[in-house]
Amino acid sequence: MGLRTGILLLVVLVIAALAALNWGWIASPVLMSLGFMQVTAPLGLIMLGLTVLLGILFVAYVVYLQSSVLLETRRHTREMQTQRDLADKAEASRFTELRNFLEAQENTHMSRNAERHAALLARVEQLEASLRQRGDQTDNTMAAHMGQLEDRLERRAGGAEPRF
């Protein structure tokens with residue numbers, strides 16, 4: 001029980017105790033002025049009744065405030081959930097866009113790499129063909145030199161030595 005509730009309960013108990021202890025005076029009729037006329041009535045009972053009525057109105061006001069706060073809290077919670085759902089959808093769409101972007105970038109890089117690979121293979125094949133041609137030329141040159149040397153050796157062996 002909170003401090004405020006304890007104080008309110010204490011005040012109600014004090015009022016009830018005073019009313020019980022002074023019931024004879026509260027219930028005794030007195031001459032009262034209502035402003036435009038005078039009546040005889042128990043002033044204490046009227047004041048006690050007005051205090052009870054004020055307490056009932058106070059409790060009704062508190063219940064009204066609590067229910068309006070509760071309804072506002074529920075509305076606010078629904079709005080927050082709606083906003084949270086929208087944020088989740090936006091985040092999911094951002095992730096989808098990011099994934100699509102990354103896939104597009106990956107596809108671009110893959111196609112560039114494939115083009116570079118094909119160009120590199122073509123260059124390597126060209127170099128291989130060039131090396132084969134150079135090797136064939138070297139073989140032919142070597143064979144020609146060997147043929148010339150064989151001719152010279154045959155001529156020496158045959159006796160006539162050519163002069164160069």
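Biologist: How many of the 164 residues of the protein count as buried?

Modeller: In this predicted model, 3% of the 164 residues count as buried. The term buried means under 20% relative accessible area, so that cut-off is what the 3% refers to.

Biologist: Good. Which elements does the protein have, from the N terminus on?

Modeller: The order is α-α-β-β-α, with three helices and two strands.

Biologist: How do you know that strand 1 and strand 2 pair?

Modeller: Pairing needs at least two bridges. Strand 1 (residues 29-33) and strand 2 (residues 38-42) have five bridges, in the antiparallel sense, so they pair under that definition. As an example, Leu-31 has Thr-40 of strand 2 as its bridge partner.

Biologist: What lies between the two strands of the hairpin?

Modeller: Four residues lie between strand 1 and strand 2, and Gly-35 in the turn has a positive phi of about 100 degrees.

Biologist: What about contacts between residues at least 24 apart in sequence?

Modeller: A contact here means heavy atoms within 4.5 Å. Among contacts between residues at least 6 apart in sequence, 14% join residues at least 24 apart.

Terms used
Residues numbered from 1 in each chain as written. Predicted model: local features only at pLDDT ≥ 70, side-chain atom pairs only at ≥ 80, totals over all residues. Heavy atoms only, no water. Buried < 20%, exposed > 50% of the residue type's maximum accessible area, 1.4 Å probe, protein only.
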